[in-house]
Amino acid sequence: MAPHISRATASIVVLLASLVFHPESHSSVLIASAATPESDVDLLEFPLNLEYLEAEFFLFGSLGHGLDVVAPNLAQGGPPPIGAKLAKLDILVRDVILQFGLQEVGHLRAIKSTVRGFPRPLLDLSTESFAKIMDNAFGRPLHPPFDPYANEINFLLASYVIPYVGLTGYVGANPMLQNATSKRLVAGLLGVESGQDAVIRALLYERRGMMVQPYGISVAEFTNRISALRNRLGKGGLKDEGLVVPRVQGAEGRVSGNILAGDRDSLAYPRTPQEILSIVYGTADERLPGGFYPNGASGRIARSYLYTT
């Protein structure tokens, strides 16, 4: 006599078999059906602000257009970025930056496949926005004003400003996530964001002694100043390091080269949403918008700080 199989058991067997033979067709269903805690939703939505920023900067820099052409559905009707444009890049750097931009499209899609998300916020990617960052980093106006789109060195230095902030945000968010799906998503995002930051740092490290014209300031000094600025704005202590550091601060206290930033055990630094907002606003205050986000960032976490002003 054949063993009795319950309807529930049979259903599970059919589902597992379908996943084995058609895994891709069920992935979005599984993600959508998984119960995501409210706190996870907030933490997963918050980095959309930075993913939008990176996607638009890299796509415009390499192609001369952004999400409204490449993936308009992901922008959800949000306002187009201010001042973004095609950069003057050589073949290698353009290729790398284009890959980064397309990777960010995937990141946006992955997050929005897990949580509802929000439309693209207003982003200021103008020359004036980056010039202000560099002026703040050096504590004086640079003449002429820094133009991120003028050449590949400038664009790489401007790129140095962006992915690392998101990287530290993912490191900070991961231990606060409750759901396995959320943790898996953030781990995947963190892996690629870390790779992008590493590539940017490696390209700049190779040129660390080069003078950025017409300022007569080395590439290494630019990175050190940018990192110091982010530490000041974030108000969370040392969580950022340039390409050349005092030997005692290098890996195991034995080198001054610093191709990857990390703590005393060479682990990535974490940042909180408050620290990230304080940095990307350029105001050292998560309640005061500015910088890349003239109207403030989106999502419940970011808006909660705005509402306290």
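Mentor: Two helices, H10 (163-173) and H11 (180-206), each give at least two residues to the lining of the largest pocket, where a helix is a DSSP run of H or I with at least four residues, a strand is a run of E with at least two, and both are numbered from the N terminus. Please keep in mind that this is a predicted model, in which local features need pLDDT of at least 70 and side-chain atom pairs count only at pLDDT 80 or more, while totals for chains, interfaces and linings use all residues. Residues are numbered from 1 along each chain as its sequence is written, and side-chain values use heavy atoms, with hydrogens and water left out.

The largest pocket holds about 350 Å³ of space, and among the 22 residues that line it, Asn258, Leu260, Ala261, Gly262 and Ser266 lie nearest its centre. On a 1 Å grid over the protein atoms alone, a pocket is an open set of points with protein on both sides within 12 Å along at least five of seven lines, a cavity is a set where a 1.4 Å probe fits but cannot get out, and lining residues have an atom within 4 Å of a point. Points are joined across faces, edges and corners, and a volume is the space filled by probe spheres set on them.

The structure also holds two cavities of 30 Å³ or more. The largest cavity has a volume of about 110 Å³, and of its 13 lining residues, Phe46, Gly169, Tyr170, Ala173 and Ile276 are the closest to its centre. Both H10 and H13 (273-280) supply at least two residues of this lining, and H10 gives the largest share, five residues.

The largest nonpolar core has 77 residues, and Phe130 and Phe222 touch the most other members; helix H4 (residues 48-63) contributes nine residues, the largest share. Such a core is a set of buried Ala, Val, Leu, Ile, Met, Phe, Trp, Tyr and Cys residues joined through side-chain atoms within 4.5 Å, and buried means under 20% relative accessible area, exposed over 50%, and partly exposed in between, with a 1.4 Å probe and protein chains only. Leaving aside residues up to four places away in sequence, Phe130 touches Phe57, Leu125, Phe146, Pro148, Tyr149, Ala158, Ile162 and Phe292, a contact being heavy atoms within 4.5 Å.

Lastly, consider the backbone in the loops. Most residues other than glycine have a negative phi, and most peptide bonds are trans. Lys235, although not a glycine, has a positive phi of about 55 degrees, and it lies in the loop between helix H12 (219-234) and H13. Glu252, in the loop between H12 and H13, has a positive phi near 55 degrees. Lys235 counts as exposed because its relative accessibility is 55%, and Glu252 is exposed with a relative accessible area of 62%.

As for the peptide bonds, the one from His143 to Pro144 is cis, with omega near -5 degrees, and Pro144 is found in the loop between helix H8 (127-138) and helix H9 (152-160). A cis bond also joins Gln213 and Pro214, with omega about 5 degrees, and Pro214 sits in the loop between strand S1 (211-212) and strand S2 (217-218).
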